[in-house]
Amino acid sequence: MPKFLIQATYTSEGTKGLLKEGASGRRAAVDQVVSGLGGKVEAMYFAFGQDDLVMIVDFPDPVSMAAVSLTVKASGALHTRATPLLTVDEIDEASRRQVEFRAPGS
C-alpha cells in the first residue's frame, strides 16, 4: 500500500478546534477519515515549529490520498503537504529502469 508523509500546520481556526477537542479527538477524526478510504494511520505526532502535525499514512492508491488532501484543504483548518514515500526496494527497481533522457542544452 502506498505510504505518504503528511506535514500540516493548523490555521487559527484549526488550532481553536484542536484546543476544544484535544489531540485524542483529532486522532479519532483522522483515523475515521483514513480508514474510511481503506487506509491506515501508521504514525501521528504533534509537533511545534514549522509543522504542527506529522503523520505517516497508508492508502490503497494515490487518488485516495488526493481526495483526503482536497477535502482537508477545503476546510481551511490546516495547510498540508503530502509526500509519497518509497521503499528501498522501489528505489532499487527504479534505478534498474532505463530512461532515455537528454539534458537541456546538450
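Here's a quick briefing on the fold of this chain and on its helix H1. The model is predicted, so local features need pLDDT of at least 70 and side-chain atom pairs count only at pLDDT 80 or more, while totals for chains, interfaces and linings use all residues. Residues are numbered from 1 along each chain as its sequence is written, and side-chain values use heavy atoms, with hydrogens and water left out.

**Overall fold**
- The protein chain has 3 helices and 4 strands (DSSP runs, numbered from the N terminus: helices are H or I of at least four residues, strands E of at least two).
- From the N terminus on, the order is β-α-β-β-α-β-α.
- With a radius of gyration of 17 Å, well over the 13 Å that the globule rule gives for 106 residues, the protein chain is more spread out than a compact globule (C-alpha atoms are used, and the rule is 2.2 Å times the number of residues to the power 0.38).
- Buried residues (under 20% relative accessible area, 1.4 Å probe, protein chains only) make up 25% of the 106 residues.

**Helix H1**
- H1 (residues 12-36) spans only 27 Å between its end C-alpha atoms, whereas a straight helix of 25 residues would span 36 Å (1.5 Å times one less than the number of residues).
- A kink of about 105° is centred on Gly22 (the angle between axes fitted to the seven residues ending there and the seven starting there).
- Gly14, Leu18, Val30 and Val34 of H1 are buried, and their cover includes strands S1 (3-10), S2 (40-46) and S3 (53-58).
- Just after H1, Gly38 takes a positive phi of about 85°.

Conventions: Buried < 20%, exposed > 50% of the residue type's maximum accessible area, 1.4 Å probe, protein only. Contact = heavy atoms within 4.5 Å.
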